[in-house]
Amino acid sequence: YTIRLYWIAACLVGGFTILCVSGWLLVIHGSAYDSTLVTALRWLPVLTGAFLVFFGFYLIRKPIPESPEEFFYDPDPGDQ
């Protein structure tokens, strides 16, 4: 459980940090005369930060298995 909490915290904190810093520095201060490649590269950190935040929320919603073996092995429904 602790490892998942670390992943959730890292995704949320890192994602929000990337969104705030890169959103402000790269996108807001962009120029209308930038090429398409430069504009795409400016938006890449913003999209990465958004992905990390969404992945953190996905990990929060994902159910935690009862036994530690189920973290790595997903039992077949027919086996039970």
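User: What should I know about the model and the numbering?
Analyst: This is a predicted model, where local features need pLDDT of at least 70, side-chain atom pairs count only at pLDDT 80 or more, and totals for chains, interfaces and linings use all residues. Residues are numbered from 1 along each chain as its sequence is written, and side-chain values use heavy atoms, with hydrogens and water left out.

User: OK, how many helices and strands are there in the protein chain?
Analyst: There are 2 helices and 0 strands. Those are DSSP runs numbered from the N terminus, with helices being H or I of at least four residues and strands E of at least two.

User: What span does H1 reach?
Analyst: H1 has 27 residues and reaches 37 Å from first C-alpha to last, close to the 39 Å expected at 1.5 Å a residue. The expected span is 1.5 Å times one less than the number of residues in the helix.

User: And where does H1 bend?
Analyst: At Ser 22, by about 35°. The bend is the angle between axes fitted to the seven residues ending at a residue and the seven starting there.

User: Is Ser 22 buried or exposed?
Analyst: Ser 22 is buried, because its relative accessible area is 7%. The cut-offs are under 20% for buried, over 50% for exposed and partly exposed in between, with a 1.4 Å probe and protein chains only.

User: What is Ser 22 in contact with?
Analyst: Leaving aside neighbours within four places in sequence, Ser 22 is in contact with Thr 17, Val 27, Pro 45 and Val 46. Contact means heavy atoms within 4.5 Å.

User: Which other residues of H1 are buried?
Analyst: The buried set in H1 includes Arg 4, Ile 8, Cys 11, Leu 12, Gly 15 and Gly 23. H2 is part of what covers the buried residues of H1.

User: Switching to H2. Where does that helix bend?
Analyst: H2, residues 36–61, bends by about 30° at Leu 44, and Pro 45 follows within four residues.

User: Which residues are buried in H2?
Analyst: Val 46, Gly 49, Val 53, Gly 56 and Leu 59 are buried there. The buried residues of H2 pack against H1.

User: What about Leu 52, what does that residue touch?
Analyst: Not counting residues up to four places away in sequence, Leu 52 touches Cys 11, Gly 14, Gly 15 and Ile 18. Leu 52 is partly exposed, since its relative accessible area is 24%.

User: How far apart are Trp 43 and Leu 26 in space?
Analyst: They are 7.6 Å apart, C-alpha to C-alpha, and 17 residues apart in sequence. Trp 43 counts as partly exposed because its relative accessible area is 40%.

User: Now the surface. Which residues make the nonpolar patch?
Analyst: Val 21, Trp 24, Leu 25 and Ile 28 make a patch of about 430 Å². Patches are made of residues with over 30% relative accessible area and no salt bridge; like charges are joined within 9 Å, and nonpolar side chains (Val, Leu, Ile, Met, Phe, Trp, Tyr) within 5 Å. A salt bridge is a side-chain nitrogen of Lys or Arg within 4 Å of a carboxyl oxygen of Asp or Glu.

User: Why does Ile 28 count as exposed?
Analyst: Because its relative accessibility is 52%.

User: Last one: what does the accessible surface of the protein chain come to?
Analyst: About 6500 Å², of which 71% belongs to carbon and sulfur atoms. Accessible areas come from the Shrake-Rupley method with a 1.4 Å probe, and for residues only the protein chains shown count as cover. Buried residues make up 16% of the 80 residues.
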